Amino acid sequence: VIKHTATTAWNSVYGKVLCKAPYTYHWRFKIKAFSIHFMFGVAKGSDNYPVINSHLGGSGDHYGYYAAHGSAKTAYVYHTGAKGELGMQRFNKAGCVLDMYLDLKDYKLTFKTGGQDT
């Protein structure tokens, strides 16, 4: 369980999982208490983790889903430029679930909110 207590600032938690082709990896995140500024994603380990002092979309080969991008109704996907609702109506309160899939056969990072594609 990761607790995000700030209401107007970032809290960051990083995990390290060595992912290799051609496998697919899956992570599930469940909101216990909703707040603005959630980001979920992956970064290349060989970049020496420059995002530790910044945010995931700052530079390099980092890809992510920035949920509640300034409001509970807007999301942003880093490195695609997609911005809009993007599943936020299914990921905006306690109990909501985000699934993140990293497919290293087809080199895709995808997200689902409430079991539906974002």
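Modeller: Let's start with Leu86, which has a relative accessible area of 22% and so counts as partly exposed. Buried means under 20% relative accessible area, exposed means over 50%, and partly exposed is in between (1.4 Å probe, protein chains only). This is a predicted model, where local features need pLDDT of at least 70 and side-chain atom pairs count only at pLDDT 80 or more, while totals for chains, interfaces and linings use all residues. Residues are numbered from 1 along each chain as its sequence is written, and side-chain values use heavy atoms, leaving out hydrogens and water.

Colleague: Why does Cys96 count as buried?

Modeller: Its relative accessibility is 10%, and buried means under 20%, so Cys96 qualifies. Cys19, at 22%, is partly exposed.

Colleague: How do you know how many disulfides there are?

Modeller: A disulfide is a pair of cysteine sulfur atoms within 2.5 Å, and a search of the whole structure finds zero.

Colleague: What makes a set of residues a nonpolar core?

Modeller: They must be buried Ala, Val, Leu, Ile, Met, Phe, Trp, Tyr and Cys residues, joined through side-chain atoms within 4.5 Å. The largest such core here has 18 residues, and Met88 and Phe91 are among those with the most contacts inside it.
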